[in-house]
Amino acid sequence: MKIAISGKGGVGKTTLCALLAMEMVRQGRKVLAIDADPNGSLAGALGYKESESGRIEPLIEKKALVEERTGAKPGSMGGYFVLNPKVDDLVHRFSVEINGLRLMVTGELKEALGGCYCPENALLRSFLRHLIVERDEWVLLDMEAGFEHLTRGTAESVSVLLVVVEPGQRAITTAKKISSLARQLHIKRIGYVFNKVHDDEQKRIMTDVLGAENVWAVIPFDMHAVHSDLSGTSPFDSCQGMLDTVRTLIDTLEAKA
Ligand SMILES: Nc1ncnc2c1ncn2[C@@H]1O[C@H](COP(=O)(O)OP(=O)(O)OP(=O)(O)O)[C@@H](O)[C@H]1O
Ligand SMILES: [Mg+2]
């Protein structure tokens with residue numbers, strides 16, 4: 001399954017991605033997590049300590065690799081370069097193993113799906129297609145805030161788009177925009193995940209707007225998540241309340257697969 005996670009900034013995409021990935025691994029699945037956020041923090045949420053183990057260089061910043069694969073220097077525009085560079089060895093070479101799963105940091109995928117013709121994007125576009133169309137493990141993509149990345153191309157092969165929504169009008173409006181765009185792109189299954197929900201009243205208001213049939217999970221507000229973010233530890237170690245819902249969500253995902 002190829003699962004993309006989107007939603008307004010700060011709603012909890014990275015936290016959800018980390019919890020899903022780590023719980024899936026605990027249950028014995030083979031998981032590849034992709035941090036496609038230019039300011040990504042998925043590694044940290046998975047328990048990786050940058051201060052001890054060093055920064056993971058995003059794929060898009062590997063200038064020598066971009067040049068080797070596309071035949072052109074990164075940043076060059078208008079010249080000739082390979083449009084479908086070889087990418088099937090990149091996960092093997094550049095992913096990092098964290099707590100039993102593999103993480104790949106790509107850097108910004110936004111333009112990779114759009115029309116920017118430069119070597120970096122040719123490599124990323126090709127790599128994204130490989131991830132979504134060719135790989136056989138569970139792939140979880142933590143996308144950046146907003147929905148600019150959902151333009152065309154590989155979108156149709158995404159099995160599920162999870163749109164994270166927190167109680168608040170802006171998050172709800174963004175979620176509606178994302179799902180309408182995703183439908184235009186023929187993403188087959190789109191589910192809302194409510195996050196940071198305090199009570200039934202909040203859930204009811206959000207459900208009224210977004211439609212009960214589209215809500216796949218309701219994750220309660222959990223102070224442990226805030227603490228784990230502050231202390232730089234993984235939410236997997238402390239957020240029991242969130243994990244209970246995440247387990248049910250995994251069952252739902254399996255049922256929809
Ligand atoms: N269920 C929850 N209860 C309380 N706090 C939460 C919950 N889920 C996430 N958070 C907190 O909300 C903040 C934002 O979460 P996170 O970084 O996962 O969001 P994001 O959508 O990935 O943000 P960005 O758009 O910046 O990438 C973090 O401090 C996180 O710990
Ligand atoms: Mg994030």
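Reply: Helix H1 has 14 residues, which at 1.5 Å a residue should span 20 Å; its end C-alpha atoms are 20 Å apart, so the two values agree. The expected span is 1.5 Å times one less than the number of residues. Helices (H or I, at least four residues) and strands (E, at least two) are DSSP runs, numbered from the N terminus. The model is predicted: local features need pLDDT of at least 70, side-chain atom pairs count only at pLDDT 80 or more, and totals for chains, interfaces and linings use all residues. Residues are numbered from 1 along each chain as its sequence is written, while chains are lettered from A and ligands numbered from 1 in the order in which they are written.

H1 is mostly covered, with 12 of its 14 residues buried. A residue is buried if 20 or more other C-beta atoms lie within 10 Å of its own, exposed if 12 or fewer, and partly exposed in between, with C-beta atoms placed from the backbone. Among the buried residues of H1 are Lys-13, Thr-14, Thr-15, Met-24 and Val-25. After H1 comes Gly-28, whose phi is positive, near 100°.

H1 (13–26) also contributes to the shell around ligand 1, as do strand S7 (189–197) and helix H10 (223–231); each supplies at least two residues. The shell holds 19 residues, the closest being Gly-12, Thr-14, Thr-15, Ala-225 and Asp-229; a residue is near a molecule if its C-beta atom, placed from the backbone, lies within 6 Å of it. By class, 7 of the shell residues are nonpolar, 7 polar and 5 charged. Here Ala, Val, Leu, Ile, Met, Phe, Trp, Tyr, Cys and Pro count as nonpolar, Asp, Glu, Lys and Arg as charged, and the others, Gly among them, as polar.

S7 in turn belongs to an open sheet of 8 strands, in the order S3-S4-S2-S5-S1-S6-S7-S8, with mixed pairing. Its edge strands are S3 (96–98) and S8 (215–220), each of which pairs on one side only; two strands pair if DSSP finds at least two bridges between them. Helix H8 (residues 169–184) packs on the sheet, touching S1 (2–7), S6 (160–165) and S7, and its direction makes about 165° with that of S6. Contact requires C-beta atoms, placed from the backbone, within 7 Å. Axes are lines fitted to C-alpha atoms, for helices over the stretch in contact, and angles run from 0 to 180 degrees between N-to-C directions. Helix H9 (residues 200–210) lies across S6, S7 and S8, at about 155° to S7.

Key: Contact = placed C-beta atoms within 7 Å.
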